[in-house]
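Trainee: I have a new structure open and would like to learn how to read it. Can we go through it feature by feature?

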Amino acid sequence: MTDRTLAPAAPSALGEPVTKPARRGSAFSAHRMSFVTWLYLYVSLFFVAAIVLLPLITTALGGFKTLGDLRVHPFGLPGEWQWANYTDILLSGRYWQMLGNSFLIATLTVALTLAVAAMAAFTFAHVTFFGSSFLLNYFLIGLMFPVATAILPLFIRIRDLGLLDTYWGVVLPQVAFGLGMSILLFRRFFQNVPKELFDAAFVDGCGYLGYFWHITLPLSRPILATVGIVSFVGSWNSYLLPLILLNSDAKYPWPLGIMVYQGEYSSDWQLILAFITLTILPTIIVFFAAQKHIVAGLTAGAVKG
Amino acid sequence: MSSAISAVSTGRRMGIQGKLPVLILFLPPALLLFTLFVILPMGEAAWYSFYDWNGYGIPEKFIGFKNFETLWRTSAFATALGNNFLIILVSIVIQLPLALWLATMVSNRIPGAVVFRLIFFMPYVLADVAAGLIWRFVYDGDYGLFAAIASMFNVAAPYVLADRHLAIYAVLAVIVWKYFGFHMMLFIAGLQNIDKSYYEAAEIDGASRWQRFRNITLPLLAPTIRLSVFFSVVGSLQLFDMIMPLTGGGPSNSTQTMVTFLYSYGITRMKVGFGSAIGVVLFIICVTLAFGYRRIFMRND
């Protein structure tokens, strides 16, 4: 730490021109990067980016080809653009139904997770009651094992409740398994709300319920967004739970629908590729539109848990 | 002043009176959902695992530890366990250094850094199922990229996913492709927390780039590295979605993971007892690893 104070002084003391101190030192300091370093950096980055993007671009372009074209030239632009591959899927009810199912399930999951977890976390953060820490630990057990461990009894429970093959049958377990993480994230945020606000609110005759509604929630937009994004992405991409708890095609979310489609057109790769492209398109569009929030949400959600 | 204090204290008293409605309104929804769909099913799994049961009626045929014995003798389960550990190993030996290497590069303010970050992170946002299907095409011996590359060199295209010795490595490549970006983001976040003055000081002392990395970045990033390994372990133990479109656990069970094994041996055959036994073993492994890892490596984090 002492070197920091010496840094600007040292070179001038030697009578050399003062070099601009590195603004943002790290493994590479940008301003004195040599050409070789620069080359090494960008060649590496472009190489990795190519490996990431190549399968995705091939998939999107492959959807425009005929099967024969795909067989001869999987790389490169299609010889003749087969727009019909895409438009046929877009005009079929099936594609929209799948996305609609996924959207509905994800929206219900997010809404219920936010409501239930925020309320529970609020009591853990602000209300002192007997058994509070015991109950919190009880919820944290949920962080330790994946849904798969209890999937068969879960199936039987959902069946006995008559919720098999319903949207709620998928939503409720998804919410339940997300609770541990969501409560943890909410509680940490709520605890950081200044205590003075709490006292002031009570002086003004505001009860716990009013405090939650008028003060905690409006202040909690960032954490609501984080938890919302984590649970939306989880639900949108979820495969195992719907696979086991739904059995009619009409209710399938897209990860299941895409597998059914692949089974039907097993070797018509051009159609499957078009279908994959269209189903991941919403994710990619939303990802680039809201990249800051999504990256922050998904990594913060993971780190703070 | 004194009136303010008394106001606060009456406020507190009022608060205490308002406590009950909050507890009654706010806690039960979460408690009910969690108990009904997480805790009870886990307990029931432990119970069912001692029965031979097809899921209808009440479990009556008590068979003791027989399900666990069968599990132990099924060679596919051993393969699944081995594959799970292989995935963890590859995550640590290949994915982690790759993610860290890229993180040190794109955490700088070099032109294009943000775009590269986004590109690298993108596979993580895609569903496992979609990623699996895309790579199924890439590996396809008739139409895929592998077929094209093979024909460029005039060799017969390998059917990678149908080869029981190669398939697992193909799956591992997809796992790294999909998840390195997430770990890279963890490392970027970790790197941003390192005080820049350390690097400035080291530069003045004439430390080389490698020395700076070895003696500053690595030790200060240790908590993030432990976290990254933790996520690899957890991710490996629940890997399922990606295997299904790629290989479905085949050929001849060579790419099973514990969850795909549970699916194909317990769920599709509706053997509730046996499936629950697999679930219990998975649960024990998860809890042991989670506790053990936290206790040993993450004590101070």
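Trainee: Which residues of chain B does the UniProt annotation "transmembrane region" cover?

Mentor: UniProt positions are given in the numbering used here, feature names are shortened, and annotations may be inferred rather than shown by experiment. Here an unreviewed entry puts that label on residues 20-40, 85-103, 115-137, 143-161, 168-189 and 272-293 of chain B. Keep in mind that this is a predicted model: local features need pLDDT of at least 70, side-chain atom pairs count only at pLDDT 80 or more, and totals for chains, interfaces and linings use all residues. Residues are numbered from 1 along each chain as its sequence is written, while chains are lettered from A and ligands numbered from 1 in the order in which they are written.

Trainee: How many helices and strands are there in chain B?

Mentor: Helices (H or I, at least four residues) and strands (E, at least two) are DSSP runs, numbered from the N terminus. Chain B has 14 helices and zero strands. Take residues 85-103 of chain B: that stretch is 100% helix, with its end C-alpha atoms 25 Å apart. Residues 115-137 of chain B are 91% helix, and there the end C-alpha atoms lie 26 Å apart.

Trainee: What does the radius of gyration say about chain B?

Mentor: It is taken over C-alpha atoms, and the globule rule to hold it against is 2.2 Å times the number of residues to the power 0.38. For 301 residues the rule gives 19 Å, but chain B comes out at 26 Å, well over that, so chain B is more spread out than a compact globule. Its C-alpha trace spans about 90 × 75 × 35 Å along the principal axes.

Trainee: How many residues of chain B are in contact with chain A?

Mentor: Two residues are in contact if their C-beta atoms, placed from the backbone, lie within 7 Å. By that test, 92 residues of chain B meet 84 residues of chain A. Helix α2 (residues 19-48) of chain B supplies the largest share of chain B's side, 17 residues.

Trainee: And which residues touch the most other members of the largest nonpolar core?

Mentor: Such a core is a set of buried Ala, Val, Leu, Ile, Met, Phe, Trp, Tyr and Cys residues joined through C-beta atoms within 7 Å. Buried means 20 or more other C-beta atoms within 10 Å of a residue's own, again placed from the backbone. This core holds 171 residues, and the ones you want are Ala117(A), Ala120(A), Leu179(A), Phe186(A) and Ala130(B). Helix α8 (residues 167-192) of chain B gives the most to the core, with 15 residues.

Terms used: A residue is buried if 20 or more other C-beta atoms lie within 10 Å of its own, exposed if 12 or fewer, and partly exposed in between; C-beta atoms are placed from the backbone.
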